[in-house]
Amino acid sequence: MRKLISDALTDEIVEKLLTTHPREILNRGMPWSIPPMPEVCEIISQHIPIKIGPRSYFRIETRPKGHPRHYDGCKLDLSPNHMPWCNWSAVSLLTPPDRFSGGEFMFHDPEEVYKESLYRSLLLYSSGATNNPQLHEAAPHTDGRRTMLLMFFEGENFTGETYEG
């Protein structure tokens, strides 16, 4: 499953995310309560059955080398990886796409490429071995800074609190 929610994030939400202190985004015990994450999760929960359990987390990332082709919740052969609990994922581009070169987010089988349309949008996708995981990668970027919001959720097959909003 893949779903793009266009223009889901307001300028205010993006600014809050871009100014979040790095220590806060690395603390897996508290991040979902950091504004504006409750608002972001409310938008997502209207489209997919997320659960914010003890393993769920988000991060704000700038990674020039990108990410190679992978599934979030399993290895390429669908065996368990370091995040077998992850059934759903969501991403958003927080910096305008004209501020860097490259950096496309790509799905495979079937192929879809996102860059401009990912800015301030939420791209939701299934990522667990048992719910049709979506093979994807992020191309390297140069000539600027690309900042992404990455979110990884437990799903209906795992214990954890359901996000109530």
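Where does asparagine 132 lie? Asparagine 132 sits in the loop between β9 and β10. Strands (E, at least two residues) and helices (H or I, at least four) are DSSP runs, numbered from the N terminus.

This is a predicted model; local features need pLDDT of at least 70, side-chain atom pairs count only at pLDDT 80 or more, and totals for chains, interfaces and linings use all residues. Residues are numbered from 1 along each chain as its sequence is written, and side-chain values use heavy atoms, with hydrogens and water left out.

**Overall**

The chain has three helices and 13 strands. Of its 165 residues, 52% count as buried. Buried means under 20% relative accessible area, exposed over 50%, and partly exposed in between (1.4 Å probe, protein chains only). Among contacts (heavy atoms within 4.5 Å) between residues at least 6 apart in sequence, 82% join residues at least 24 apart.

Most residues other than glycine have a negative phi, and most peptide bonds are trans. The exceptions below go against that pattern.

| Site | Feature | Angle |
|---|---|---|
| Proline 35 to proline 36 | cis peptide bond | omega near 10° |
| Aspartate 109 and proline 110 | cis peptide bond | omega about 0° |
| Arginine 120 | positive phi | phi near 65° |
| Asparagine 132 | positive phi | phi near 60° |

Proline 36 is in the loop between α2 (22–26) and α3 (37–45). Proline 110 is in the loop between β7 (105–107) and β8 (112–114). Asparagine 132 counts as exposed because its relative accessibility is 51%.

**Histidine 141**

Histidine 141 belongs to strand β11 (residues 141–142). Its relative accessible area is 4%, so histidine 141 is buried.

**Largest pocket**

The largest pocket is lined by 23 residues, of which His67, His70, Asp72, Leu150 and Phe152 lie nearest its centre. The elements that give two or more residues to this lining are β3 (57–61), β4 (67–70), β10 (136–138) and β12 (148–154). β4 gives the most, with four residues. A pocket is an open set of points on a 1 Å grid over the protein atoms alone, where a 1.4 Å probe fits, with protein on both sides within 12 Å along at least five of seven lines; lining residues have an atom within 4 Å of a point.
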